[in-house]
Amino acid sequence: MGGVLVLAGCGGGGESHARAKNTGSAGLANKSAPQQPVPRGKGSKVPDDFNGDGARDLVLDALAHRGHGDDPGIGIVYGSDRGLVPGARQLLTAHANGARTKGQLPAAFESEAACDLNEDGFTDLVVSTDPPYNGQGRPPVPLQLLFGSPSGLTGKAVKLQVPDRARLGNDWADQPVCGDFDGDGAHDLVLHASGAHLTYLRGPFTRKGAPRAAGKPLTAPGNDLATGAPAVDVNDDGYDDLVVREEARASKGSLVLGGPKGPARTGVLFPASTDIAFGTFGRAKGMDAALAAPGGIALRYDVPGTARAKIAVRNASVYAGDLDGDGRSELVVGGGGPGEVWVYRGRASGLAANATATLVPSRGRDGVVQVLKVADFDGDRRADVVVRTAWGQGRDRVEVYSGRAEGLVSRKPGVTFSTVGFR
């Protein structure tokens with residue numbers, strides 16, 4: 001199987017609506033909020049808006065799970081003009097939502113990427129599964145699509161169709177990344193093909209999971225692709241770009257540039273990293289990059305410029321978002337300290353050398369803290385920080401810290417809930 005395709009996404013705003021009330025509070029920290037209906041939408045262009053009501057929603061792959069063996073599924077928490085509404089939620093599982101392969105339902109069901117693949121105004125979810133395979137010949141495509149609707153992500157998934165001409169060898173067609181790589185306004189998908197090659201599927205996609213077009217696999221400077229947020233146009237030429245690394249774990253990477261024929265040109269080379277985030281941190285007019293590695297975080301300003309700096313935080317995870325609404329991105333760093341999340345302010349002279357703000361999630365000292373998302377959930381044009389802390393057996397707490405014009409981020413979470421009891 002292929003490695004991991006590394007991408008960075010951008011936070012986005014949201015249109016207001018007033019259908020659902022935000023019921024998150026500290027009192028709900030150890031139990032799930034009372035179930036509420038999912039608000040009905042009419043379609044929007046807001047990222048991660050599965051029900052099309054103009055508010056960003058949250059995908060949760062890590063759920064508190066007290067059972068043994070079974071995949072607990074994917075949680076979706078829907079948003080409102082006041083932020084996430086923990087009670088307006090869904091649980092997506094292989095049993096309820098997966099498509100069968102040779103009569104068999106998948107055991108694994110994990111989210112990989114989200115974008116509006118069929119251009120109907122509702123974000124769709126790309127899910128990875130584990131279809132049956134005996135190791136002989138070309139394996140089946142493990143990716144399935146759940147389409148958004150006015151009621152959110154409902155119904156059965158369909159299998160992503162990858163034409164034979166777009167595959168190479170007997171590797172899995174996996175690790176999907178959403179982006180508009182050919183600049184036509186429709187979302188495409190890039191997958192790992194085999195060896196140092198990419199499968200490029202042009203959107204829009206049909207409700208049966210078929211792309212508009214697909215050609216032969218493209219040569220890539222490596223085989224390690226990282227999934228996650230939608231792609232970003234690094235060099236501001238109207239085509240989304242992506243990063244491909246050579247090996248798994250800390251390895252050198254290359255920026256693969258989009259163009260009229262898709263992601264077919266290799267651009268700037270990056271030093272070895274385990275994680276990467278793109279943002280406009282300052283110091284230059286173009287897009288900047290933060291690359292996390294075991295030895296620290298390397299900064300590259302105005303990619304592919306030569307201005308460089310370093311933050312001495314080892315083995316971190318990195319995220320970018322404009323928390324204070326000044327037009328520059330902040331760098332959010334997970335793993336910087338035990339149970340802490342550090343925020344570095346973006347400035348005209350570049351990122352602050354030391355953390356400007358520190359988040360210490362509740363129970364953070366007792367468990368594992370993970371930054372889930374840095375994006376605007378309440379439509380105020382300032383990104384928020386969503387953090388999950390897991391401890392003990394089947395216990396967790398998700399907290400949303402709002403972006404602020406002063407101080408960058410709220411000291412206390414505005415929304416708090418647990419994924420215990422998601423159903």
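This is a predicted model: local features need pLDDT of at least 70, side-chain atom pairs count only at pLDDT 80 or more; totals for chains, interfaces and linings use all residues.

Strand 2 (residues 74-80) pairs with strand 3 in the antiparallel sense, over six bridges. If you want a spot to look at, Val77 stands opposite Arg89 in strand 3.

## Salt bridges

There are 12 salt bridges in the structure. In one of them, Asp182 pairs with Arg202, with the closest N and O atoms 2.7 Å apart. Asp182 lies in the loop between strand 8 (174-179) and strand 9 (188-192), and Arg202 is in strand 10 (residues 197-202), so the pair ties together parts 20 residues apart in sequence. Asp182 counts as buried because its relative accessibility is 9%, under the 20% cut-off.

Arg212 and Asp184 also meet through their side chains, at 3.1 Å from N to O. Arg212 comes from the loop between strand 10 and strand 11 (213-214) and Asp184 from the loop between strand 8 and strand 9, so this pair ties together parts 28 residues apart in sequence. Asp184 is partly exposed, at 40% relative accessible area. Asp182, Asp184, Arg202 and Arg212 are linked in a salt-bridge network.

## How confident is the model?

The chain averages a pLDDT of 88, and 90% of the residues score at least 70. Over residues 1-30, though, pLDDT stays under 50.

Technical notes
Residues are numbered from 1 along each chain as its sequence is written. Side-chain values use heavy atoms; hydrogens and water are left out. pLDDT is the predictor's confidence in each residue, from 0 to 100. Contact means heavy atoms within 4.5 Å. Two strands pair if DSSP finds at least two bridges between them. Helices (H or I, at least four residues) and strands (E, at least two) are DSSP runs, numbered from the N terminus. A salt bridge is a side-chain nitrogen of Lys or Arg within 4 Å of a carboxyl oxygen of Asp or Glu. Buried means under 20% relative accessible area, exposed over 50%, partly exposed in between (1.4 Å probe, protein chains only).
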